[in-house]
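Keep the picture open while you read.

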Amino acid sequence: MRLPWFPSFGRRREDTQGVESRVENDAADIEYRFRQAWTQGDRATAVPELLPVRLAQACVAVLPVSGAGLSLLNDDFRVPLGASGPAADVAERLQFTQGEGPCLDAARTGRTVVARAEQIRRRWPAFGEQFAARTPFRAAISIPLPLTSDLRGALDLYLGEGDSVDAVSVAATSIVSEEIVQALLVAQAITGSVNPRTEEVEPAWLHGPSAQHRTGVWIAMGMLMTQLQVPAADALARLRGYAYSHDMDIDQVAAALTRGTLSLDNVEA
Amino acid sequence: LIKQGLDRSTNRGPHDLHDRRLMPFKGAAAEFAGLARELSVQPDLPSTLAAITRNAVETVQGAEFAAITLTSKGGHYRTVAETGDLPREVDRIQYATGEGPCVDSLREQAHVFRTDDVKTDPRWPVFGPLARERTDVVSMMSHRLYLEGDDNLGALNLYSREPAAFTDHSLSTLDMLATHAAIALAKAGAQAENQHLQTALASNRSIGTAVGILMATYKVTQDQAFDLLRMASQHSHRKLNDIARDVADTGTLDIGR
């Protein structure tokens with residue numbers, strides 16, 4: 001279905017018959033196929049809040065990769081916007097839990113990071129170990145998303161056993177990332193929704209399930225700050241440490257703390 | 001003029017369809033994909049506007065000049081980008097008389113207006129003769145730049161010193177261009193406001209942190225902690241965001257203030 005809330009990209013291209021047969025891997029076709037994929041995708045994700053999920057799923061549809069996710073970086077506090085599926089969600093949480101990984105490097109340096117399996121193990125050993133053990137992915141490509149001059153985000157592409165980093169063309173990833181930035185910004189311009197908690201106008205895609213889930217970590221961080229009388233960065237470090245030593249991800253630790261199934265005292269050590 | 005004559009004879013409605021079948025889809029897609037990308041990678045609003053007008057003159061048959069009009073909050077019109085000197089003067093006359101294709105495209109139900117000769121067009125009895133007297137303009141075509149849900153309204157205007165310069169083919173090219181232009185403008189607008197996005201991220205985190213601090217301090221639930229923030233916001237007439245940031249920074253909530 002066409003997204004009812006997003007402007008049409010022009011009738012002529014959408015109405016043209018027999019397009020698929022002529023599709024080749026050049027720039028115009030990647031762009032066209034990517035647009036088709038995210039504007040015509042699943043009805044279940046047609047709401048503005050799930051735009052990042054649609055965009056991530058469209059990446060998997062048009063690029064030779066097995067997973068994708070979008071995230072924003074605000075200092076060290078990373079917010080996932082949406083992912084193509086549960087495994088890509090896990091991969092994001094692992095990067096956040098370990099505080100390292102290709103996405104962080106891409107967002108910090110503003111450059112695309114291509115990480116093959118052996119490079120992941122070498123450059124980010126803690127993340128690499130978990131990545132190999134807990135996801136079906138083996139390699140990753142992270143492309144910075146320049147939403148504004150000072151807001152850093154990244155598109156993570158995850159490659160499985162059968163995928164090859166060499167099959168993912170630089171031209172295609174840069175077109176896709178430009179499309180993503182444009183889609184997010186245009187959606188922000190036309191679907192700014194009021195955050196009911198603060199009454200501020202914010203883009204709807206900032207409040208998808210993935211981003212809301214991460215709020216649990218900020219709550220747990222506040223609880224620990226009070227309990228241990230430490231600053232935010234220290235509280236986050238302790239959450240990370242507990243997650244790492246208990247083979248959990250940081251969002252799981254946070255959820256257990258806020259639900260009360262895990263005592264703050266346990267995290268203190 | 002010869003080129004125009006040819007255009008007029010070959011580009012009518014049915015021929016447009018014919019063209020579409022003959023022209024490989026990829027060519028058209030590549031052309032507009034390239035255009036869309038050029039518009040979307042402009043670093044800011046002024047260069048986006050300039051790229052749109054430049055592309056309009058290059059791609060729309062018969063267009064000698066192009067300009068973009070934006071409406072301000074008070075309903076005033078402003079020419080914010082143009083190629084050459086002619087558009088500014090023509091637009092000035094449109095705004096002053098409240099008539100003309102640009103003004104109508106922003107005001108009327110139809111989103112595109114085309115005229116073969118402004119002077120003899122019965123729709124604009126004041127603007128037309130005045131524009132012909134004071135400038136060299138003869139043909140015009142204006143298209144509203146508008147995205148559903150977006151409050152900002154603008155128009156893309158094309159001008160020619162020749163009569164009947166704009167064909168049906170010109171019109172459909174403008175139609176396509178206007179869509180890309182509206183998207184590019186919305187994007188540039190959002191990019192300009194994105195300090196705001198940074199703030200939203202930080203304040204969402206502050207609220208979470210503050211809720212956690214209050215939960216641990218007062219042994220309350222998440223909802224109760226949030227209610228405390230809201231109460232403090234109401235009592236102090238300060239934004240909830242600001243209260244939350246204070247709590248996250250200081251570790252305490254001053255409810256009585």
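Two strands count as a pair if DSSP finds at least two bridges between them. Keep in mind that this is a predicted model.

**The sheet in chain A**

Strands of a sheet pair through backbone hydrogen bonds, either parallel or antiparallel. In chain A, five strands make an open sheet in the order β2-β1-β5-β4-β3, with antiparallel pairing. At its edges lie β2 and β3 (113-115) of chain A, each of which pairs on one side only. On average, neighbouring strands of this sheet are turned by 20° against each other, direction ignored.

Here are some of the pairings, each with one pair of facing residues:

| Strands (chain A) | Bridges | Direction | Facing residues |
|---|---|---|---|
| β4 (residues 137-146) and β5 | nine bridges | antiparallel | Phe137(A) and Gly160(A) |

**A look at β1**

Is strand β1(A) covered or exposed? It is mostly covered, as eight of its eight residues are buried. Gly67(A), Gly69(A), Ser71(A) and Leu73(A) point one way from the strand, while Ala68(A), Leu70(A), Leu72(A) and Asn74(A) point the other way. β1(A) and β2(A) form a hairpin with two residues between them. In that turn, Asp75(A) has a positive phi of about 55°. Helix α3 (residues 51-62) of chain A lies across β1, β2 and β5 of chain A, and runs at about 135° to β1(A).

**Rings and charges**

A pair of aromatic rings is described by the distance of the centres and the angle of the planes. Over all chains, the count comes to seven aromatic pairs. One of them is formed by Phe137(A) and Tyr158(A), which are stacked at 5.1 Å centre to centre with 15° between the planes. This pair links distant parts of the chain, with Phe137(A) in β4(A) and Tyr158(A) in β5(A), 21 residues apart. Both Phe137(A) and Tyr158(A) are buried. Ring pairs also join Phe127(A), Phe131(A), Phe137(A) and Tyr158(A) into a cluster.

Which ring does the charged end of Arg240(A) sit over? That ring belongs to Phe96(A), and the charged end is 5.1 Å from its centre. A further case involves chain B: Arg205(B) lies over the face of Trp218(A), at 6.0 Å from the ring centre.

Methods:
Residues are numbered from 1 along each chain as its sequence is written. Chains are lettered from A and ligands numbered from 1 in the order in which they are written. This is a predicted model: local features need pLDDT of at least 70, side-chain atom pairs count only at pLDDT 80 or more; totals for chains, interfaces and linings use all residues. Side-chain values use heavy atoms; hydrogens and water are left out. Buried means under 20% relative accessible area, exposed over 50%, partly exposed in between (1.4 Å probe, protein chains only). Helices (H or I, at least four residues) and strands (E, at least two) are DSSP runs, numbered from the N terminus. Rings of Phe, Tyr and Trp (its six-membered ring) pair if their centres lie within 6.5 Å; planes under 30 degrees apart count as stacked, over 60 as edge-to-face and the rest as tilted. A charge sits over a ring if NZ of Lys or CZ of Arg is within 6 Å of the ring centre and within 35 degrees of the ring normal. Axes are lines fitted to C-alpha atoms, for helices over the stretch in contact, and angles run from 0 to 180 degrees between N-to-C directions. Contact means heavy atoms within 4.5 Å.
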